[in-house]
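Here is a short note to read alongside the model. Please keep the structure open while going through the points.

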Amino acid sequence: METSAHQREKDLLEQGRTHLQQLLGPDWEVALRPDQLPGGDHGWDAMLQIKSDDGVYVSLLVEARQRVTPKDAGGVLTSMAHLVRRVNSHTRLLVISPWISPLAQEALRANGIDYLDLTGNVSLRVSRPAIVIHTQGADRAPAGHRPPSSKPLLTGLKAGRLVRLLADFAPPYRASALAHGADLSLPYVSRLLDTLDDQLLIKRDGRDIVSVDWQALLRARANQTDLLRTAEPTGMLAPNGIKAVLRRLANMADNGTNSIRREVLVTGSYAARSLAPLSVGGQLMLYVQEHEFNVQAWADELGLMPVPEGADVLILQAKDDSVWQRPMFVGGVWQVGLSQLATDCLSGPGRMPAEGEKILEFMADHEHVWRRSDLSRRDEPTRF
């Protein structure tokens with residue numbers, strides 16, 4: 001009797017074959033070789049044969065995996081692909097999985113490995129018969145798809161707290177220092193760092209973290225969150241215009257000398273535009289602390305009117321204290337820190353992701369200004 005794992009592998013292979021057959025159309029034949037199905041002692045899971053209507057065919061060695069990480073792509077899968085090419089320089093390795101993340105796709109392409117996932121992410125390049133396929137499917141894990149691992153994902157408030165710390169402070173440091181700085185348990189931080197290591201978002205030398213790909217890290221965090229769903233916005237209308245609201249915020253900030261008035265922080269398009277202009281318009285988004293979340297009080301304070309639709313101002317609930325850490329003082333107004341701003345924009349609606357990419361460019365150009373080297377100075381604001 002076949003094990004459930006063995007059956008899942010066979011089902012995955014057949015689903016991948018069917019998907020590829022649909023992409024190529026009726027003039028092509030896509031078949032799994034019956035003598036090369038799972039269960040043999042070879043190093044791959046199956047052999048897939050693609051034959052054109054004129055009889056020319058190619059055979060692909062297939063590796064079926066329920067989960068593919070960037071570390072896999074740069075490690076064991078690359079070693080397997082090199083072994084395949086040594087046997088036959090024209091033979092290629094095809095990885096089939098239920099879903100492959102954008103980072104893993106990039107790593108597979110960089111190492112010359114073809115891939116196909118069941119959401120429609122496909123990259124296949126064969127010289128004879130000539131086949132070039134590159135399609136995009138889901139860039140987020142489908143509902144119900146969770147990797148078979150106890151390692152935490154980049155969702156949730158705790159993960160966001162650690163991501164900001166990793167982005168805002170240059171290594172080297174260890175998990176214990178990060179756990180203390182983010183006020184998280186050491187076991188949780190260690191497990192999340194293992195996840196980030198699998199995704200090639202950090203590099204370690206023994207127990208020391210020596211490198212953080214902070215741009216990819218912020219994109220990965222944004223890819224697993226949703227600004228408006230997380231922050232539970234309340235829509236407001238500014239009868240006197242957005243500029244009037246910004247003037248009130250500037251008066252509240254007291255020229256940046258009164259830290260008590262940092263209980264409102266600007267994020268989103270208006271904050272992005274103050275540093276890296278890309279577009280005009282959009283909603284003004286303001287964080288207020290959750291324990292201060294009195295809609296009518298903030299409406300009175302800022303001269304706003306709550307409205308059910310057509311809002312030009314959104315009041316967001318800051319669910320975690322990390323939103324308030326390392327804010328920026330720009331143009332007389334307090335704004336969220338750059339790593340928070342980038343994540344908010346990248347996970348926001350409409351044109352906000354493009355604004356988030358612009359902020360990432362700004363951050364790369366000004367890394368010496370905002371990125372710190374001393375974790376003990378984790379509450380200092382940044383001024384531009």
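**Notes on the fold and its salt bridges**

1. Helices (H or I, at least four residues) and strands (E, at least two) are DSSP runs, numbered from the N terminus.

2. Some ground rules come next. This is a predicted model, in which local features need pLDDT of at least 70 and side-chain atom pairs count only at pLDDT 80 or more, while totals for chains, interfaces and linings use all residues. Residues are numbered from 1 along each chain as its sequence is written, and side-chain values use heavy atoms, with hydrogens and water left out.

3. Two strands pair if DSSP finds at least two bridges between them.

4. How many bridges join E1 to strand E2? There are four, and E1 and E2 (residues 46-51) run antiparallel. Within this pair, Glu29 stands opposite Lys51 in E2.

5. Helix H11 (residues 268-275) is largely enclosed by the rest of the structure, because seven of its eight residues are buried. Buried means under 20% relative accessible area, exposed over 50%, and partly exposed in between (1.4 Å probe, protein chains only). The buried residues of H11 are Gly268, Ser269, Tyr270, Ala271, Ala272, Arg273 and Leu275.

6. His82 is found in helix H3 (residues 76-87). With a relative accessible area of 39%, His82 is partly exposed. His82 and Asn111 are 29 residues apart in sequence, and their C-alpha atoms are 9.5 Å apart in space.

7. A salt bridge is a side-chain nitrogen of Lys or Arg within 4 Å of a carboxyl oxygen of Asp or Glu. By this rule the count comes to 15. One of them joins Lys71 to Asp197, with the closest N and O atoms 3.0 Å apart. This pair links distant parts of the chain: Lys71 is in helix H2 (residues 70-74) and Asp197 in helix H7 (residues 186-198), 126 residues apart.

8. Is Asp197 buried or exposed? Asp197 counts as buried, at 14% relative accessibility, and Lys71 as partly exposed, at 38%. Asp197 also forms a salt bridge with Arg204, where the closest N and O atoms are 3.4 Å apart. Arg204 is partly exposed, at 32%. Lys71, Asp194, Asp197 and Arg204 are linked in a network of salt bridges.

9. Glu232 and Lys319 meet through their side chains in a salt bridge (3.3 Å, N to O). Glu232 lies in the loop between helix H9 (227-231) and strand E11 (234-237), and Lys319 in the loop between strands E15 (313-318) and E16 (328-330), so the pair ties together parts that are 87 residues apart in sequence. Glu232 is partly exposed at 39%, and Lys319 is partly exposed at 25%.
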